[in-house]
Every structure is written in C-alpha cells, then in structure tokens.
Amino acid sequence: MDIKPAIEILRQKVPFAPELAIVLGSGFGSLADCPETKSGTTINFRDLPGFTDQTVIGHSGKMCFCEFEKKKIVLQAGRFHFYEGHPMSLVTAPMRIYGCLGVKAILLTNAAGALNPSLDVGSLLIIKDHINMQGTNPLIGPNIEPGSRFPDMSNLYDKNLRQQLQVAGAQCNQNLKEGVYVAVTGPSFETPAEVNAFRLLGGDAVGMSTAPEAIVAKHEGMQVAGVSCICNMGAGILETPLSHMDVLNTSKTIATVFETIVRKFVRNLVIATGPKILR
Ligand code: HPA
C-alpha cells in the first residue's frame, strides 16, 4: 500500500508533528472523544486514500491529533485487523504514517483473553514481549528503508516505557502486572487446547492485534509500549462461552481507570533519546 497520498493530506491538515501515538483497542475508543480532541484535528480513516471504513463493532476509525496532557499526540480510535481480510500493509499503515510524521513513541492497546489463570478479568497488563502466532510477518516484502532488513526485536516493548507505565499505574493505585502477549489471527476465539498450548509456550494473554503494529513501529525506529485489557479468561478456563460483546463490556468497565493511567503516563512521559533509526 502506498501511504504517500495519506501523508500528503495529513501534512496539509495537521498543524504539528506529534511525538506520541496511542492506538486505542476495542472498548477504549471513547478516549478519542475527550475534550482535547475537540480542539484538535480529527481525520477519519475513510478520508485517507487507501484506507477503508471500520467494520468491527467498537472500532470507529479515526486519528485525532491534539494536545493532550501537555504533549502533542495522535489518538487513534480503531485499527485494521488481519482477520478482516486486510493485507498486512494496511494493518500496519498507520505505523508507517506515524514514522513518517516523526512520532517517537507509541502505546498500543488492545483487548485480550487471559492465558495465565492468575490474571483478573477487568485488569490491565503491561506487554513485556509477544509471541507472534499470526503465521506471517508484516515486514515480508521489499525492505522499507531506512529500517533494517533484519530488525532486532530483543527490546521490542521498551523497558523504559514499561517502567513509566508501571509508575503511572502506581499513581492510580493500580499494581500493573507484566506479561507475554500471544498474537493470533482470529476471528474465531481459541480452542481450549490452543489456550493450554499458548500457556505452555509462555504466554499470559492472547489477542488478535498489536504484534504486527509493534514490529512495524519498531522498524520505523519508534519506542513501543503495549497494554492489554484482560477482558475474559481464555477459552476453557471457565465454563462460559466467549463473546465479542462480553469483551467490549469488560473493557468499558475499566475505561475510566485506563484513561486516568494513560493521562498520567502521557503527562510524565520522557522519551529517551539515543541511537535510533531516523527517517
Ligand atoms: N482471544 C483472542 N482475542 C481476544 C480474546 C480472547 O480470548 N479476548 C479479547 N480478545
């Protein structure tokens, strides 16, 4: 997918370069309707060439460029999922765009199921690392310079940002756990046997997004952080069948706590400078 036409539109419409991007997962999109976005610039996905309208309930599809907690940021509500049949180039196109706009750090959020039985439904989990079970990699194809052909993923979820999330959580009386996110394609939920297998592999949570975006954001030279909202126990852990509506309802119950933590995180945010790939 060619992102140049979208970049041109954004450069015309957005009066500043954001330093941070936040991708709001299922149920968290309401943060993009906060007062700050009203005085910022909102671009709907449908107005960007190459982008399509969102199809999943709970995802509206827009980028809100605004000043938020004293930082210039972009809040993205909705995302493209591989299970919708989109190519990886579209799934990760927002990351390419943010890279081009000079975004230095990104917070990816999502809804996930617990693989680790000690996690609580309705809690937030800081992503420490991921296991990509989507069967493909978003960097397949010609390398997009100046990103590396074989980028290092050993500190994918940046340690410094994870510590800052921990601090923001503590300031909101939330002791945030850290864990490994397993990315699957969906759209079917896992079988109980898959949940057992992913647990044995070292996973704590499972979801249908984030890993491709994290890989491409890193390839763009951004510092990456991720937070999962644990919306349900993985299939087979409890007797109850899983449903997307239950997932959305759980993330809505924690949306206020999530917003408070995100606000603290952004206000305190210090983006470390150091050797990084520049575009
Ligand atoms: N599995 C995969 N994705 C999810 C889940 C789950 O249990 N819950 C929310 N997103």
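**A walk through the predicted model**

Helix α1, residues 4-13, contains Ile7. Helices here are DSSP runs of H or I with at least four residues, strands are E runs of at least two, and both are numbered from the N terminus. This is a predicted model, in which local features need pLDDT of at least 70, side-chain atom pairs count only at pLDDT 80 or more, and totals for chains, interfaces and linings use all residues. Residues are numbered from 1 along each chain as its sequence is written, and side-chain values use heavy atoms, with hydrogens and water left out.

Stay with Ile7. Its relative accessible area is 8%, so Ile7 is buried. Buried means under 20% relative accessible area, exposed means over 50%, and partly exposed falls in between, with a 1.4 Å probe and protein chains only. Beyond its neighbours within four places in sequence, Ile7 is in contact with Ile97 and Cys100. Contact means heavy atoms within 4.5 Å. Thr41 is 34 residues from Ile7 in sequence, and the C-alpha to C-alpha separation is 15 Å.

Ile97 leads on to the core. The largest nonpolar core has 46 residues. A nonpolar core is a set of buried Ala, Val, Leu, Ile, Met, Phe, Trp, Tyr and Cys residues joined through side-chain atoms within 4.5 Å. The residues with the most contacts inside this core are Leu10, Phe51, Met63, Ile97, Tyr98 and Ile106. Take Leu10 from that list. Another core lies apart from the largest one. This other core has 36 residues, among them Ala32, Ile73, Leu176 and Phe265. In soluble globular proteins, nonpolar side chains tend to be buried together.

Next comes strand β5, which holds Thr109. Thr109 has a relative accessible area of 0% and is therefore buried. Its side chain reaches the backbone oxygen of Val23 at 2.7 Å. That is a polar contact: a pair of N or O atoms within 3.5 Å, where within protein one must be able to donate a hydrogen and the other to accept it, and residues adjacent in sequence count only if both atoms are side-chain atoms. Neighbours within four places aside, Thr109 is in contact with Val23, Leu24, Gly25, Phe28, Arg79, Thr210, Val227 and Phe258.

Strand β5 also takes us to the ligand. Which element gives the most to the shell around the ligand? It is β5, with three residues. The residues surrounding the ligand are Ala111, Ala112, Gly113, Phe189, Glu190, Val206, Gly207, Met208, Asn232, Leu242 and Val247. A residue counts as near a molecule or strand if one of its heavy atoms lies within 4 Å of it. By class, this shell has seven nonpolar, three polar and one charged residues. Ala, Val, Leu, Ile, Met, Phe, Trp, Tyr, Cys and Pro count as nonpolar, Asp, Glu, Lys and Arg as charged, and the others, Gly among them, as polar.

Now the polar atoms. A polar backbone atom of Ala111 is 3.3 Å from a nitrogen atom of the ligand. Glu190 places a polar side-chain atom 2.7 Å from a ligand nitrogen. A polar side-chain atom of Asn232 also lies 2.7 Å from a nitrogen atom of the ligand. The ligand taken alone exposes 260 Å², and the protein buries 95% of that. Accessible areas come from the Shrake-Rupley method with a 1.4 Å probe; for residues, only the protein chains shown count as cover.

The loops hold some backbone details. The Glu145 to Pro146 peptide bond is cis, with omega near 5°. Pro146 sits in the loop between β6 (124-132) and α5 (159-171). Gly186 and Pro187 are also joined by a cis peptide bond, with omega about 0°. Pro187 is in the loop between β7 (177-183) and α6 (192-201).

Two residues have positive phi. Glu69 is not a glycine, yet its phi is about 50°. Glu69 lies in the loop between β3 (62-68) and β4 (71-77). Its relative accessibility is 14%, so Glu69 counts as buried. Asn173 has phi near 60°, again positive in a residue other than glycine. Asn173 is in the loop between α5 and β7. Is Asn173 buried or exposed? Asn173 is exposed, because its relative accessible area is 71%.

The last stop is Thr250, in helix α8, residues 244-253. Thr250 counts as buried because its relative accessibility is 14%. Leaving out neighbours within four places in sequence, Thr250 is in contact with Val121, Gly122, Ile230 and Cys231.
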